[in-house]
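Me: I have a model open here and would like to talk it through before I set anything up. Could you take my questions as they come?

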Amino acid sequence: MSLRHPKPDALEQFVLGRLGSSEMREIARHLLAGCRRCQDVTETLWEPVEAFEAPPDFAAAETANDAHRDGYDIVLDRVFERILATGSQLAEQRSVGRRLYEELLQCPAERRHLLLANSQRFRNRMLCERLIEGSSEACFEDPRRAIEIGRLAVLAGDQLAVGECGGDEGLAGLTTRAWAHLGNAFRISVDLASAETAFDKAEALLNEGSVTLIEKAKVLSLLASWRKEQQRFGEAAQILDRAAAIYKKLGQWSLLGRTLLQKALICGEAGDGEGEMKLLRQALDLIDPQADPRLFLAARHNLINALNEAGRVREAFALLYHTRPLYLQAGDRMNLLKLRWLEGVVAFGLKRIDQAEAAFREVRDSFRDLGLDYDAALAALDLAGVYILQGRPADVSRVAEETLATFQSYNTHREAIAALLVFSNAARMNQAGLELVREVSDLLKRTRKHFNFHPAQPS
């Protein structure tokens, strides 16, 4: 049984059947586990099945108490029956959505948009939900595919009517979330101009105020990631505080853990390593590793990185050793790349230079294959640091020139180009050191919001 009890207002909404299906199931499981405290609260929210007077003696009081408990159980059983019936209907609807999703993605790309725009059969709420999920999932494997599916989700949402989504709130929540996930896919792909357009649309829909609290909190969390990407850290923290307040009110502890994880990243960006690690540990206490293994893994990953940044390399190595099975269980390409990159970073900190070299080279090449040239450039700079320690000036110069050439082929920030020019010139004269590599890498991270990673058009 969960040690965290649902709040009275959440129990009241449960009795009235006004919570979302996941919240209804969560509270139902809590009550079924035998939490007497919460059963006593819900008992006062239902009208008794039969009114009765308190008897004068103890034996009669026990009989009356049993009768009252029987009345409670009858009402509780009815609520659970309703939950099961609703859950069965939702399962069937999701099954239809999954079938439509598979059918849609098997079609040629140009036909998908025509089907969504013109076919009544594809105007399906659960198809839109599955497209949003598909876009989110693809971010871990192929960010370019995440954009493609995200665009389909937005189009699918635009075709839906209010009645098909259970009311204004349902439709508004779905379309707002679709735009936010599309923006997030653009963000991960470092197409920041398109990300800004998508997030502006999501924020405008959110400000209309017609979405449910849980939908609002989910969109706020994605919006906070975008504000962090823009280095608007104060705004990001305020947005996360709003999301956290909603999750606390709804008793959504794992999602609250996700919010603390995001706040920890802001602390890290601001140079507050101790604050970052404190929030990460709090997040790990709240996140259920069975219910949300990806989120738990993300928190562990960030804690390992924070420990390494703080110079606590052996602690980072120990935690990485125990976390490695979680990366392998996740199995997607992006998480495996994150594992390999982190293995390289920790190996570098432990002076295991050959291991670090192999890891950074694999990561750089894989990011190139995925078309993620920004991340490939950062991995290449890590590789240059290895070459400096190995005394390989020719390789340092080659990496510097390749990285500069990549950035010059894009419409990127002038300060970043200038820094890469300095690095390339220093490498050519065998004067590039680890400190310079670190400064260039930090600059690229700070100025990422200015990058437009689309090839420059010929003038």
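Me: Before we get to packing, what does contact mean here?
Reply: Contact means that heavy atoms lie within 4.5 Å, and please keep in mind throughout that this is a predicted model.

Me: OK, then which helices do the buried residues of H9 pack against?
Reply: The buried residues of H9 pack against helix H8, which covers 168–188, and against helix H10, which covers 213–229.

Me: And which residues of H9 are buried?
Reply: In H9 the buried residues are Leu-192, Ala-195, Ala-198, Phe-199, Ala-202, Leu-205 and Leu-206. Viewed down the axis of H9, these buried residues fall within an arc of 140°, so they line one face of the helix.

Me: Why would residues three or four places apart point the same way?
Reply: An α-helix has 3.6 residues a turn, so residues with that spacing point the same way.

Me: What is exposed on the other side of H9?
Reply: Thr-197 and Asn-207 are exposed there.

Me: How far does H9 reach from its first C-alpha to its last?
Reply: Helix H9 runs over residues 192–207, has 16 residues and reaches 22 Å between those two atoms, close to the 22 Å expected at 1.5 Å a residue. Just after H9 comes Gly-209, which takes a positive phi of about 75°.

Me: Switching to H8, how many of its residues are buried?
Reply: In H8, 18 of the 21 residues are buried, so this helix is largely enclosed by the rest of the structure. As for its length, the 21 residues of H8 should span 30 Å at 1.5 Å a residue, and the end C-alpha atoms are 30 Å apart, which agrees.

Me: What follows H8?
Reply: H8 is followed by Val-190, whose phi is positive, near 60°.

Me: At what angle do H6 and H8 pack?
Reply: Helix H6, residues 125–138, and H8 pack at an angle of about 20°, with their axes 9 Å apart. With the cut-off for roughly parallel set at angles under 35 degrees, H6 and H8 are therefore roughly parallel to each other, and their crossing is left-handed.

Me: Which residues meet there?
Reply: From H6, Arg-125, Cys-128, Glu-129, Ile-132, Ser-135 and Ser-136 meet Leu-174, Arg-177, Ala-178, His-181 and Ala-185 in H8.

Me: Let me pick Ala-178, then: buried or exposed?
Reply: Ala-178, which lies in helix H8, counts as buried at 1% relative accessibility. Leaving aside residues up to four places away in sequence, Ala-178 touches Ile-132, Ala-153 and Val-154. The C-alpha atoms of Ala-178 and Arg-151 are separated by 8.3 Å, although the two residues are 27 apart along the chain.

Me: What about Arg-333, where does it lie?
Reply: Arg-333 lies in helix H16, residues 333–349, and at 30% relative accessibility it counts as partly exposed. Not counting residues up to four places away in sequence, Arg-333 touches Phe-140, Glu-141, Ser-366, Asp-369 and Leu-370. For Arg-333 and Phe-140, which are 193 residues apart along the chain, the C-alpha atoms are separated by 6.5 Å.

Me: At roughly what angle do the axes of H17 and H18 cross?
Reply: The axes of helix H17, residues 353–369, and helix H18, residues 373–390, cross at roughly 155° and come within 8 Å. That makes H17 roughly antiparallel to H18, and H17 passes H18 in a left-handed crossing. Residues making the contact include Phe-360, Val-363 and Phe-367 of H17, and Ala-376, Leu-383 and Tyr-387 of H18.

Me: Back to backbone angles: what is the phi of Gln-231?
Reply: Phi of Gln-231 is near 60°, a positive value in a residue other than glycine. Gln-231 sits in the loop between H10 and helix H11, which covers 233–250, and it is partly exposed, with a relative accessible area of 26%.

Me: And where is Asn-430 found?
Reply: Asn-430 is found in the loop between helix H20, 414–428, and helix H21, 434–446. Asn-430 has a positive phi of about 60° although it is not a glycine, and at 56% relative accessibility it counts as exposed. As background, most residues other than glycine have a negative phi.

Me: Last one, how many helices and strands does the protein have?
Reply: The protein has 21 helices and two strands, and buried residues make up 49% of its 459 residues. Among contacts between residues at least 6 apart in sequence, 65% join residues at least 24 apart.

Technical notes
Residues numbered from 1 in each chain as written. Predicted model: local features only at pLDDT ≥ 70, side-chain atom pairs only at ≥ 80, totals over all residues. Heavy atoms only, no water. Helix = DSSP H or I, 4+ residues; strand = E, 2+ residues; numbered from the N terminus. Expected span 1.5 Å × (residues − 1). Buried < 20%, exposed > 50% of the residue type's maximum accessible area, 1.4 Å probe, protein only. Arc of directions from axis to C-beta. Axes fitted to C-alpha atoms, helices over the stretch in contact; angles between N-to-C directions. Parallel < 35°, antiparallel > 145°, perpendicular 65-115°, else oblique. Left-handed = near helix turned anticlockwise from the far one by under 90°.
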